[in-house]
Amino acid sequence: MTIESMFSRYRQSALTMVYLSDVSYATLLSSSQWFKHGWTLLELLAPNNIMFFRCDWSLYADSPSNHKNDTTIVRELEQATGIASCHLANFHPGVEDA
């Protein structure tokens, strides 16, 4: 499967659920090993709706429908990845974004 087709699948999904097996109530989202996987960038930028879950399957934050709309989580993601919050929340690929 190509990067373009994977991006398209994630973009068209109604919701991307991210299970963080190493994140509990005592740890931060940004400390997860998930950020060390090669495909994380695609999984993070492509979906319009994403929800993060802790190791016990509880929501990482109380955002009702989309963690990409939660400024606290987006700020945490920005610090963990170095990607500007505007791209994390609403990424549209193009020459300038690459």
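S58 counts as buried, because its relative accessibility is 17% and buried means under 20% relative accessible area. This residue belongs to a predicted model, in which S58 lies in the loop between β2 and α3. The points below begin with that loop and then turn to the nonpolar core, the surface patch and a glycine in another loop.

- The side chain of S58 forms a polar contact of 3.2 Å with the side chain of Y25.
- Apart from residues up to four places away in sequence, S58 touches Y25, F52 and F53.
- W57 is also placed in the loop between β2 and α3.
- The phi angle of W57 is near 70°, which is a positive value in a residue other than glycine.
- Most residues other than glycine have a negative phi.

**The largest nonpolar core**

- The largest nonpolar core contains 21 residues.
- Within this core, the residues with the most contacts are L29, F52 and L77.
- At least two residues of the core come from each of α2 (40-45), β2 (50-53) and α3 (71-81).
- When neighbours within four places in sequence are left aside, L29 is in contact with L20, V23, F35, F52, Y60, I73, E76 and L77.

**The nonpolar surface patch**

- L15, M17, Y19 and W57 make a nonpolar surface patch of about 420 Å².
- L15 is found in the loop between α1 (3-12) and β1 (16-19).
- L15 is partly exposed, because its relative accessible area of 38% falls between the limits of 20% for buried and 50% for exposed.
- W57, another member of the patch, comes from the loop between β2 and α3.

**G38 in the loop between β1 and α2**

- G38 is located in the loop between β1 and α2.
- G38 counts as exposed because its relative accessibility is 75% and exposed means over 50%.
- G38 and N90 are 52 residues apart along the chain, and their C-alpha atoms are separated by 20 Å.

Note on methods
Residues are numbered from 1 along each chain as its sequence is written. This is a predicted model: local features need pLDDT of at least 70, side-chain atom pairs count only at pLDDT 80 or more; totals for chains, interfaces and linings use all residues. Side-chain values use heavy atoms; hydrogens and water are left out. Patches are made of residues with over 30% relative accessible area and no salt bridge: like charges are joined within 9 Å, nonpolar side chains (Val, Leu, Ile, Met, Phe, Trp, Tyr) within 5 Å. Accessible areas come from the Shrake-Rupley method with a 1.4 Å probe; for residues, only the protein chains shown count as cover. A salt bridge is a side-chain nitrogen of Lys or Arg within 4 Å of a carboxyl oxygen of Asp or Glu. Helices (H or I, at least four residues) and strands (E, at least two) are DSSP runs, numbered from the N terminus. Buried means under 20% relative accessible area, exposed over 50%, partly exposed in between (1.4 Å probe, protein chains only). A nonpolar core is a set of buried Ala, Val, Leu, Ile, Met, Phe, Trp, Tyr and Cys residues joined through side-chain atoms within 4.5 Å. Contact means heavy atoms within 4.5 Å. A polar contact is a pair of N or O atoms within 3.5 Å; within protein, one must be able to donate a hydrogen and the other to accept it, and residues adjacent in sequence count only if both atoms are side-chain atoms.
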